[in-house]
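Colleague: Hi! I'm new to this one, could you walk me through it?
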Amino acid sequence: MAEIQTKKKGRILTGDRPTGKLHLGHYVGSLINRVRLQDEYDTFLIIADVQALTTNFEEPEKLARDVREVALDYLAAGIDPEKSTIFVQSLVPEIAELTIFYSMIITVNTLRHNPTIKSEAAQRGYTDMTYGFLGYPVSQAADITFCKANLVPVGEDQLPHIELTRKLVRRFNSLYGPVLVEPEALVGEVPRLVGLDGAAKMSKSLDNAINLSDPPEEVERRVKNAVTDPARIRATDPGHPDICTVFAYHTAFNKPVIPEIEESCKKGAIGCVACKKRLTATLNELLEPMRERRARYEANPKLVDEILLAGTARARAVAKETMAQVREAMKINYF
Ligand code: ATP
Ligand code: MG
């Protein structure tokens with residue numbers, strides 16, 4: 001892998017849990033910004049396998065497949081391994097070490113009051129939660145800060161975690177000296193893409209997603225089943241685009257058609273079937289180049305492994321440097 005240029009605006013760190021295939025929500029929420037910014041920023045993409053265990057600890061054997069799946073999704077979406085560093089969290093043990101140090105300077109109540117932790121715990125039906133789940137924002141702070149990232153492209157649900165990272169950085173720096181960098185969040189143009197059910201955000205765990213790897217027929221099938229305006233029975237009934245999932249997707253993926261579709265829907269001039277056909281065509285046009293890139297990498301799994309190993313080696317070198325500074329600042333470099 002070519003030596004990555006360092007003359008950039010700054011550093012990006014973001015990533016995903018390997019808990020399944022990435023979907024359109026990931027694309028508009030975060031991936032699209034990563035692809036766009038990888039020329040300007042030194043970009044680190046973490047495949048957070050330890051964080052995946054915070055909810056999926058019963059089936060660790062799935063990780064090997066899911067780590068590669070996420071890597072393929074990145075490469076298919078247009079992440080260029082010559083420009084961006086893709087790495088595996090558990091293979092950078094310095095992140096775990098930094099997490100432990102941070103856990104000394106954050107209180108349990110701060111974590112308990114984190115709104116994303118609360119809503120995810122409720123969604124998963126947790127009456128109690130593991131230490132690892134409660135503390136995953138602390139581990140995320142270590143992910144972001146080990147490489148001194150300035151910018152974190154994420155979906156809206158992640159904002160409380162970035163805020164917590166900023167607090168930890170300020171606390172650490174005021175206690176031990178100016179070692180860490182305070183990052184900023186960058187939320188995508190569509191901060192929270194709704195799922196096909198029209199109820200929750202599009203999510204890997206809720207079976208309400210269109211995956212970046214879905215073939216054209218699957219996209220068509222899923223769009224057909226998407227929830228629209230329930231009050232609209234006949235194609236000529238006036239529709240309510242503001243509560244329609246399909247209209248939300250037109251808005252996210254094909255801006256130029258918004259006024260026209262909005263007007264014809266409200267007048268009952270375009271029916272849901274026709275509207276869905278247009279959406280399917282738009283989505284398949286977006287996904288087609290991803291399918292081509294994916295096929296090339298899928299045919300060469302050894303290359304994907306090499307990309308992950310090279311990226312992890314680079315991340316680890318950066319992590320070792322930061323940890324030396326952290327230990328020195330904390331005065332736990334005894335010898
Ligand atoms: P899981 O259900 O396993 O939690 P997920 O689909 O919520 O998976 P994450 O891995 O938790 O995905 O999220 C990875 C990144 O993608 C985060 O920055 C998150 O904010 C963003 N993201 C996920 N879903 C959406 C969505 N529907 N709209 C916008 N951004 C999203
Ligand atoms: Mg999630």
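Colleague: Where does Asp157 sit?
Modeller: Asp157 is in the loop between strand E4 (151-154) and helix H9 (159-176); helices (H or I, at least four residues) and strands (E, at least two) are DSSP runs, numbered from the N terminus. This is a predicted model: local features need pLDDT of at least 70, side-chain atom pairs count only at pLDDT 80 or more, and totals for chains, interfaces and linings use all residues. Residues are numbered from 1 along each chain as its sequence is written, while chains are lettered from A and ligands numbered from 1 in the order in which they are written.
Colleague: Is Asp157 buried, exposed or partly exposed, and why?
Modeller: Asp157 is partly exposed because 17 other C-beta atoms lie within 10 Å; buried takes 20 or more, exposed 12 or fewer, and partly exposed is in between, with C-beta atoms placed from the backbone.
Colleague: How far apart are Asp157 and Asp214?
Modeller: They are 57 residues apart in sequence and 25 Å apart in space, C-alpha to C-alpha.
Colleague: New topic: which residues come nearest to ligand 1?
Modeller: Gly25, Gly29, Val154, Gly155 and Ser205, out of 18 around ligand 1. A residue counts as near if its C-beta atom, placed from the backbone, lies within 6 Å.
Colleague: Which element gives the largest share of that shell?
Modeller: Helix H1 (residues 24-37), with four residues.
Colleague: And which residues of H10 meet H13?
Modeller: Pro216, Val219, Glu220, Val223 and Lys224 in H10 do, where contact is C-beta atoms, placed from the backbone, within 7 Å.

Key. Two residues are in contact if their C-beta atoms, placed from the backbone, lie within 7 Å.
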